[in-house]
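Please read this short report alongside the sequence and the 3D structure. It covers the fold as a whole, then the cores.

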Amino acid sequence: MTTSYQTQLPAGSHWSFVMRSGSALTLTDVAGGANVGMLFYNPENLLERYNAPDTLKCQHTFRLTAGHCLYSDMGRIFCGIEADSFGWHESVCGTLNAQQTAALFGSSDYQQARNQRHQNGYDSFLVELAKYGLGKRDMAACINFFAQVRADDNGTLQREQQGAQGAEVRLRFAMDTLVLLHTCPHPLTPGGDYPRAPLGLQIDAQRAPLPEICLQRAENQRGLRNNALYQLQGEL
């Protein structure tokens, strides 16, 4: 029985998979400069999805790193960040659409450039959402992994660093979760050449609970109890 899977996605790609409770997903910035936009949905009830405001608010944080959990809009934990060598991921900037991408990097479609086209994150999410009967109305604010963003004294968002070669982040899932991701440019990427940093992706199917580092906050302990109640409901 296969217990692990790994692949490498080029920049401008999109991907989706149902991660089972207890499994782990590791993201690796292979060459430096990678951006990974990601959304989560409950595969049993697709109306339940990632909630960025609640994730940040309940853990009293602006950045996400090891020990933080990623919440649904029902107060349940999709996954926890089990390990993180980069140390800063953001969930406030969203994703670029086609018009914004063309303004930054120039217009380039599949007919012109094939797999070297300038794909945007918004359309990438829509392609993956459509595979599960979802669409524009189901879009939510995403996480951008490997993006270090700060707000200055005037509230202006500034991207200070985009990835680092060899940086990794590992997510441990606390419930069955539909994961959607893209490897398109971050919204605060300067204009010029379209970024081409690839992403390494590894799935570990061996089950394990959320680590203690993710349960040091009372809020996350409460979130995990919400997960347990939801799972009990499914067994009755």
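Among contacts in the chain between residues at least 6 apart in sequence, what percentage join residues at least 24 apart? The share is 79%, where contact means heavy atoms within 4.5 Å.

This is a predicted model, in which local features need pLDDT of at least 70, side-chain atom pairs count only at pLDDT 80 or more, and totals for chains, interfaces and linings use all residues. Residues are numbered from 1 along each chain as its sequence is written, and side-chain values use heavy atoms, with hydrogens and water left out.

The chain holds five helices and 13 strands, counted as DSSP runs (helices: H or I, at least four residues; strands: E, at least two). The radius of gyration, taken over C-alpha atoms, is 17 Å, close to the 18 Å from the globule rule for 236 residues, so the chain is as compact as a globular protein of that length. That rule is 2.2 Å times the number of residues to the power 0.38.

Of the 236 residues, 50% are buried, meaning under 20% relative accessible area (1.4 Å probe, protein chains only).

A nonpolar core is a set of buried Ala, Val, Leu, Ile, Met, Phe, Trp, Tyr and Cys residues joined through side-chain atoms within 4.5 Å. Two are listed here.

| Core | Size | Members include |
|---|---|---|
| Largest nonpolar core | 32 residues | Leu25, Phe40, Leu171 |
| Another core, apart from it | 10 residues | Leu39, Leu134, Met139, Leu180 |

Leu171 touches residues including Leu25, Met38, Phe40 and Phe145, not counting those up to four places away in sequence.
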